[in-house]
Amino acid sequence: AFSLEGKVAIVTGGASGIGLATAKAFLEAGALGVTLVDLKEDSLSSAAASLSVESSRILTVAADVSDEQAAASYVRQTVDKWGRLDVSVQCAGISPVTGPVVEMDVAAFDTVIRVNLRGVFLGLQQSLKAMLASPRQGQGCSVVLISSQLGLDAIDHGDRTGFAGSAAYCASKFGVRGLMASAAQEVGPKGIRVNAVAPGPIETPMLEGFRDSDHVKKGNIPRAGYADEIANAVLFLASDAGSYCSGTTLKVDGGWSKW
Ligand code: NAD
């Protein structure tokens, strides 16, 4: 049930962390092809090399996910290469420190929303269009959007410090779940499932800047998670193992948030 045999997937943010671990899990689950989308050609090349599978099963596309043409292009290139698109994982994201709302630089807010929300919207829109345009008209397709524990309406045990100072990121990650909920209802009747994953703190380059912050230290959990622990959850939702899940958010945070 966890097989992706014969299926084709896109993973944005695929050159690092959770995205790269997801691509690896998909290839191990038998995916015919995986497109890795990320900002830089060189990090994409080393990511692809680290996957150690036949190069014919990987396509790398250097693109900024918040660019509309770029989103249309990475989806088109995927369908051109393998003739289908079954799974789309929108994982690219940024988490710069933007500070409290009253002090926040508006341009910093815009940047976070542009990548984390507009980027996910564009990838979702272009992926759904391609899925619906296929001969199967979307049947059996799955989209997974990466939100965060900061996109849930509770974090740690009565102490909400995790939200303070993260308004732009929180807004983007709540927004991702809004996109997911609407899209799931819209395309559900066509047989396309749309879900979100909400990771807790995960050992990736993104966590570096936050490792010692209050909200990481205060979590009532023994350790941060590993990227492959999120990838396994994404694989569940992407594959037929998750065939009756749609419109849901899967929290994978070691038990941190009460949500
Ligand atoms: P990461 O920094 O290792 O990977 C993110 C990738 O996204 C990078 O390779 C980066 O180059 C790429 N990216 C950023 N902006 C882009 C753009 N405009 N266009 C294309 N690619 C872009 O971080 P990660 O931890 O693997 O994060 C993956 C996702 O998981 C993010 O959406 C993040 O918000 C979410 N998340 C991470 C954690 C965590 O603790 N690491 C927790 C909750 C949610």
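## An exposed tyrosine

Tyrosine 244 is exposed, with 8 other C-beta atoms within 10 Å of its own. Its place is in the loop between helix 7 (227-238) and strand 9. Although tyrosine 244 and arginine 193 are 51 residues apart along the chain, their C-alpha atoms are separated by 8.4 Å. The model described here is predicted.

## Helix 7

Helix 7 has 12 residues and reaches 16 Å from its first C-alpha to its last, which is close to the 16 Å expected at 1.5 Å a residue.

Is helix 7 mostly covered or mostly exposed? Helix 7 is mostly covered, with nine of its 12 residues buried. The buried residues are Ala227, Ile230, Ala231, Ala233, Val234, Leu235, Phe236, Leu237 and Ala238.

## Helix 4 against helix 5

Two packed helices are described by the angle between their axes and the distance between the axes. For helix 4 (residues 106-133) and helix 5 (residues 167-187), the angle is about 15° and the axes are 9 Å apart. Angles under 35 degrees count as roughly parallel, so helix 4 is roughly parallel to helix 5. The crossing of helix 4 past helix 5 is right-handed.

On the helix 4 side, the residues that meet helix 5 are Ala108, Phe109, Val112, Ile113, Asn116, Leu117, Val120, Phe121, Leu124 and Leu128. On the helix 5 side they are Ala168, Tyr169, Ala171, Ser172, Lys173, Gly175, Val176, Leu179, Ala183 and Val187. By type, the residues of this contact divide into 16 nonpolar, three polar and one charged.

## Helix 5 and its surroundings

Helix 5 has 21 residues and spans 30 Å from its first C-alpha to its last, close to the 30 Å expected at 1.5 Å a residue. Its buried residues are Ala168, Tyr169, Cys170, Ser172, Lys173, Val176, Arg177, Leu179, Met180, Ala183 and Val187.

What do the buried residues of helix 5 pack against? They pack against helix 4, strand 5 (142-146), strand 6 (193-199) and strand 9 (249-252).

## Helix 3 against helix 4

Helix 4 also packs with helix 3 (residues 68-82), at an angle of about 35° and with the axes 9 Å apart. Helix 3 passes helix 4 in a right-handed crossing. Helix 3 contributes Glu68, Ala71, Ala72, Val75 and Val79 to the contact, and helix 4 contributes Leu122, Gly123, Gln126, Ser127 and Ala130. These residues divide into six nonpolar, three polar and one charged.

## Positive phi in two loops

Most residues other than glycine have a negative phi. Serine 52 has a positive phi of about 35° although it is not a glycine. This serine is found in the loop between helix 2 (41-50) and strand 3 (58-62). Serine 52 is exposed, with 8 other C-beta atoms within 10 Å.

Glutamine 137 also has a positive phi, near 50°, and is a residue other than glycine. Where does glutamine 137 lie? It lies in the loop between helix 4 and strand 5.

Terms used
Residues numbered from 1 in each chain as written. Predicted model: local features only at pLDDT ≥ 70, side-chain atom pairs only at ≥ 80, totals over all residues. Axes fitted to C-alpha atoms, helices over the stretch in contact; angles between N-to-C directions. Helix = DSSP H or I, 4+ residues; strand = E, 2+ residues; numbered from the N terminus. Parallel < 35°, antiparallel > 145°, perpendicular 65-115°, else oblique. Left-handed = near helix turned anticlockwise from the far one by under 90°. Contact = placed C-beta atoms within 7 Å. Nonpolar A, V, L, I, M, F, W, Y, C, P; charged D, E, K, R; others polar. Expected span 1.5 Å × (residues − 1). Buried ≥ 20, exposed ≤ 12 C-beta atoms within 10 Å, placed from the backbone.
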